[in-house]
Amino acid sequence: MGDLKQYGLVRAQERLRDQVGHALRAALIAGELRPGQVYSAPGLAADLGVSATPVREAMLDLAREGLVEPVRNKGFRITEVSERDLDQYTELRTLIEVPTVGRIARTADRGQLEALRPNAEEIVSCARRHDLIGYLEADRRFHLALLALSGNERLVETVGDLRKRSRLYGLTGLDEAGKLVSSAEEHLELLDLMIAGDVRGAEDCMRRHLGHVRSLWADAADEPAVRKAVGRAVAAREE
């Protein structure tokens, strides 16, 4: 396995466990950690230049997110997701999120929706900086905060779990193709439609956005491009 230290340069004020988790997520997106492969905590710790304890803690966090699974006496296996899985996750998210967005557009206080604008703008900003990790985090916060306006905590938990299991495959390919910003701007479009009370338009935008996400997963990126994009993402977060 390559040198993971390039993904591990992080700010001193962050907890070491969080630093390691950030580095491992970057390595996952970069393809440095491969689906189906088993990695030991001591081995990853050696690559990152830290002790094994924070690596184990971080891997347990990733296991709760569905990104890895523990393998007894060996370490952690990077979970594999098939095209069929991705299709099913997208179908479930469409069934849940499209009508929920429509209901929120009809019932939510406009001030509550407007409060989400800084988050939507952050998604666009991260896309312009090629900050893929930041993009993923901001995208997750926006979608779950928006769905939380439905008042249904179980719905939010369900969508959060689907997002963790699917991940955003092909994100680097979209970034390299110069299409990530336009995808990010759909969040602002969706928010504007909901604030305007355009229920049909908001539902159509949400359905289109999820379709773009699915095609994003299918857009495989070559490994050199992946490494280059993630390198930029990590560097952007250190500035």
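Ala41, Pro42, Leu44, Ala45 and Leu48 of helix H2 meet Ala52, Val55, Arg56 and Met59 of helix H3, where contact means heavy atoms within 4.5 Å. The residues of this contact comprise eight nonpolar, no polar and one charged; Ala, Val, Leu, Ile, Met, Phe, Trp, Tyr, Cys and Pro count as nonpolar, Asp, Glu, Lys and Arg as charged, and the others, Gly among them, as polar.

A word on the source: this is a predicted model, in which local features need pLDDT of at least 70 and side-chain atom pairs count only at pLDDT 80 or more, while totals for chains, interfaces and linings use all residues. Residues are numbered from 1 along each chain as its sequence is written, and side-chain values use heavy atoms, with hydrogens and water left out.

The chain has twelve helices and three strands, taken as DSSP runs (H or I, at least four residues, for helices; E, at least two, for strands) numbered from the N terminus. Of its 239 residues, 48% are buried, that is, under 20% relative accessible area with a 1.4 Å probe, protein chains only.

Here are the two helix pairs side by side, with axes fitted to C-alpha atoms over the stretch in contact and angles running from 0 to 180 degrees between N-to-C directions.

| Pair | Axes come within | Crossing angle |
|---|---|---|
| H2 and H3 | 8 Å | roughly 115° |
| H6 and H7 | 9 Å | roughly 160° |

H2 and H3 are therefore roughly perpendicular (65 to 115 degrees), whereas H6 and H7 are roughly antiparallel (over 145 degrees). In the second pair, Asn119, Ala120, Glu122, Ile123, Cys126 and Ala127 of H6 meet Gly134, Tyr135, Ala138, Asp139, Arg141 and Phe142 of H7. The residues of that contact divide into seven nonpolar, two polar and three charged.

The largest nonpolar core has 28 residues, and Val101, Leu113, Tyr135, Phe142, Leu146, Leu190 and Met194 touch the most other members. Such a core is a set of buried Ala, Val, Leu, Ile, Met, Phe, Trp, Tyr and Cys residues joined through side-chain atoms within 4.5 Å. At least two residues come from each of H4 (83-107), H6 (117-129), H7 (132-148), H10 (180-195) and H11 (199-218), and H10 gives the most, with six. Leaving aside neighbours within four places in sequence, Leu146 is in contact with Val101, Ile104, Leu113, Leu116, Leu190 and Met194. Apart from this core lies another, of 20 residues, among them Ala23, Ala27, Tyr39 and Met59.

Key:
Buried < 20%, exposed > 50% of the residue type's maximum accessible area, 1.4 Å probe, protein only. Parallel < 35°, antiparallel > 145°, perpendicular 65-115°, else oblique.
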